[in-house]
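Please look over the sequence and the structure shown here before reading the notes that follow. They are arranged by topic for a reader who is meeting this structure for the first time.

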Amino acid sequence: MDQSETPVLDALAEHQKLDRYGFTPPAHRQGRGVDPRVLEVLGEQSFKSDVVASSGLDDRKSSNGYLQKAEQLMAEAVNADMAFFSTCGSSLSVKAAILAVTRGEGELLISRDAHKSVVSGLVLSGLQPRWIKPKWDNELKLSHPPAPETVEEMWQRYPDASAALIVSPTPYGTCADIEAIAEICHKRGKPLIVDEAWGAQLPFHPNTPTWAMNAGADICVVSVHKMGLGFEQGSIFHLQGSLVDPVRLNQCADVLSTTSANVMLYAAMDGWRRQMVQEGKSMIDRALELARGLRRDIDALPGLHVLEDELVHAEASHDLDILHIMIDVSELGISGFQATDWLRENCRVDMGTTDHRRTEAVISVSDDSGTAQRLLDALRALTAAAPDLPRPPAVVIPDEEDLFLETVMLPRDAFFGPVENVPAEEAPGRIAAEMATPYPPGVPLLLPGERINKAAIDYLRSGVEAGMVLPDPADPSLKTIRVVREEQHRSL
């Protein structure tokens, strides 16, 4: 195929050139009726590009096949058998993958560091999760991707599971040994799904961690907006091999997806693919060089430490995407939450994944020496301001034996069944009916169907007091927790 083509993007340009007018949605009629105050912020061009997909960008039969051709070009560009574009984020894509490989019943092996979107898929599907335990680093108080040996043990315990799902890279940039895990799954004839939301750039450069498709995964899900150059909600899921029915995968996505997809998201993904094919290696070369310099310069600042060797030693992760710059600020006597908030308020610099002692900057191909210097200047200012910041409340981090809770009910049953709110102090021993997810990175600590312990409550409540954000509990302060209602039995 001609990788210089961009079917969706070119069709959108042609739509504008021909000055088409539709008596169809969207009702703003390419911006004609939009409040000028809105146009001033969003721009007239954004509304001109917001057209309906059929009877708009394409004819009512979609006979030009713009989207299908764009997906074929993407699959060829990254050596996948098929690619599917989604405008509902990787949250939808991973749910579609889960439903496709399980047919909505049975068991699924899932790494316990999975994103909350995976748990939402369990709630919707009624599947039984069999949790693969990540490697917990008690010194750093973070988890590394699961080892192949752990995946093998789980298959031995649950041989009837439909598939395995792991996360790689993690929000910290750490990566699993996908090739070894894929071999373990395939010797049983079972597919491997990789939530590779942070890996959009991996197929386009040989010196990045191994891309899931090259490592033998059957499905991988990529968030284009995270490390690619697309809009928020742009996602692609790739398929290869014969273990997953492509028709079922596409239909599962269709069941979950919107029928009013935003063409701008498709067009941006289409154009990004062409850019990566033509310029991706040199762009990523520059980003990697920039990241190496930043890692060195940040680590040299007083009180700051950039994690690297400790993330990829023998007992840790298989590989590391160095574009993720995880900065330990604990020597400054402040928390990662404080550092992130101070940088936003005082330097107008926003950081990514944040926890009790770390904050993260993720470098993309869009960054350059100017943005790198801005980050360095902001961090230098933080080190100067840190002595005047209040000492952070202590966050009580559980040890490994208390961190991974026991699943005693199906997530679906716990979520949709009878529930009640109880004071947090009374929650240990009860079964969670909601998620509690420190965000970012979005990995739930509590899941529906898990039995709550005191260590989890102490961690979450101390975390909230220190600045942790929990977007999903009914009570974000966690003074109360939503649990499965216990039936009261009268004595006879």
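**Briefing**

In helix α7 (residues 148–157), the residues Pro148, Val151, Glu152, Met154 and Trp155 are buried, where buried means under 20% relative accessible area, exposed over 50% and partly exposed in between, with a 1.4 Å probe and protein chains only. This is a predicted model, in which local features need pLDDT of at least 70 and side-chain atom pairs count only at pLDDT 80 or more, while totals for chains, interfaces and linings use all residues. Residues are numbered from 1 along each chain as its sequence is written, and side-chain values use heavy atoms, with hydrogens and water left out.

**Helix α7**

**Nonpolar cores**

- The largest nonpolar core has 93 residues, of which Ile178, Leu192, Ile298, Ile327 and Leu379 touch the most other members; such a core is a set of buried Ala, Val, Leu, Ile, Met, Phe, Trp, Tyr and Cys residues joined through side-chain atoms within 4.5 Å.
- Helix α11 (residues 263–299) gives the most to this core, with 14 residues.
- Apart from this core lies another, of 30 residues, among them Ile219, Val221, Ala253 and Leu447.

**Glu360**

- Glu360 is found in strand β14 (residues 358–362), and its side chain is joined to that of His324 by a polar contact of 3.1 Å.
- A polar contact is a pair of N or O atoms within 3.5 Å; within protein, one must be able to donate a hydrogen and the other to accept it, and residues adjacent in sequence count only if both atoms are side-chain atoms.
- Not counting residues up to four places away in sequence, Glu360 touches several residues, including Pro171, Tyr172, Ile325 and Met351, contact meaning heavy atoms within 4.5 Å.

**Ser63**

- Ser63 is placed in the loop between α3 (44–48) and α4 (66–77), and is exposed, with a relative accessible area of 53%.
- The side chain of Ser63 makes a polar contact of 2.3 Å with the side chain of Asp59.

How values were computed:
Helix = DSSP H or I, 4+ residues; strand = E, 2+ residues; numbered from the N terminus.
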